[in-house]
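I opened the model to go through its confidence, its sheet and its helix packing. My notes are kept in the order of looking.

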Amino acid sequence: MISESPRVVRKHPSLIELERLRRLGHNDCFACGNPETRLDFALDGPDVLRAAFRFRKSMTSFNGYVHGGLQALLLDQAMTCSLMAQGVFGATGDFNIRYRHSVEVGPSVIIRSWVNQHSHRLYYLRAEIRQGNTLCTQTSARFMEKDLVL
């Protein structure tokens with residue numbers, strides 16, 4: 001086994017770096033590797049990743065709203081990708097989620113994520129889901145930097 005540390009911590013995220021690290025270490029990721037849940041990001045200003053996503057009827061739960069666990073999966077993916085866009089592989093250490101409004105099937109949502117701060121190998125991230133002008137779901141999490149083992 002070869003251990004590679006792809007650490008290229010940047011001031012601002014890079015979509016090129018994100019795709020490089022996705023190919024290098026996340027091809028088999030349940031979220032990133034699945035075409036039904038993979039988020040395709042753009043930059044939203046200098047520090048934020050942004051992806052549009054449309055939930056399908058098969059992704060529902062109570063009263064036909066989007067399942068909260070699926071929202072959590074996509075928010076975790078978004079924060080992981082924010083780290084990779086900074087040149088860092090990381091694992092979720094803790095994950096706090098606040099469901100503010102139900103997410104409806106049909107209208108697309110915007111998922112945004114960003115690195116809030118970091119200290120050594122510990123990163124603090126935030127992410128959110130908005131549908132129209134409504135903030136539906138928000139998260140904060142801590143991620144621990146990890147080396148990639150090939």
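**Conventions.** I worked on a predicted model, in which local features need pLDDT of at least 70 and side-chain atom pairs count only at pLDDT 80 or more, while totals for chains, interfaces and linings use all residues. Residues are numbered from 1 along each chain as its sequence is written, and side-chain values use heavy atoms, with hydrogens and water left out.

**Confidence.** I looked up pLDDT, the predictor's confidence in each residue from 0 to 100. The mean for the protein is 89, and 92% of its residues reach 70 or more. I took helices (H or I, at least four residues) and strands (E, at least two) as DSSP runs, numbered from the N terminus. A contact here means heavy atoms within 4.5 Å.

**Sheet.** I counted two strands as paired if DSSP finds at least two bridges between them. I found an open sheet of six strands with antiparallel pairing, in the order β2-β3-β5-β6-β7-β4. β2 and β4 (90–99) are at the edges with a single partner strand each, so one side of each has no neighbour in the sheet.

I then followed the pairings. Strand β2 (residues 42–43) is antiparallel to β3 over two bridges, and Ala42 has Arg50 as its bridge partner in β3. The two strands form a hairpin with five residues between them, and Gly45 in the turn has a positive phi of about 85°. β3 is joined to strand β5 (residues 109–119) by five bridges, also running antiparallel. On that side I noted Ala51 bridged to Ile111 and Ala52 bridged to Ile110; Arg50 stands opposite Arg112. β5 in turn pairs with strand β6 (residues 122–131) over nine bridges. Their hairpin has two residues between the strands, and His120 in its turn has a positive phi of about 55°.

**Rings.** I searched for pairs of Phe, Tyr and Trp rings (six-membered ring for Trp) with centres within 6.5 Å, planes under 30 degrees apart being stacked, over 60 edge-to-face and the rest tilted. The structure holds one aromatic pair. The ring centres of Phe53 and Phe55 are 4.9 Å apart and the planes are at 70°, so the pair is edge-to-face. Phe53 and Phe55 are buried.

**Gly64.** Gly64 lies in the loop between β3 and α2 (68–85). I read a relative accessible area of 34%, so Gly64 is partly exposed. Its C-alpha atom is separated by 13 Å from that of His101, 37 residues apart along the chain.

**Helices.** I used axes fitted to C-alpha atoms, for helices over the stretch in contact, with angles from 0 to 180 degrees between N-to-C directions. The axes of helix α1 (residues 15–25) and α2 come within 7 Å and cross at roughly 110°. The contact is made by Glu17, Leu18, Leu21 and Arg22 of α1 with Gln77, Cys81, Met84 and Ala85 of α2. Finally, I noted that α2 lies across β3, β4, β5, β6 and β7 (134–145), at about 135° to β4.

Note on methods:
Buried means under 20% relative accessible area, exposed over 50%, partly exposed in between (1.4 Å probe, protein chains only).
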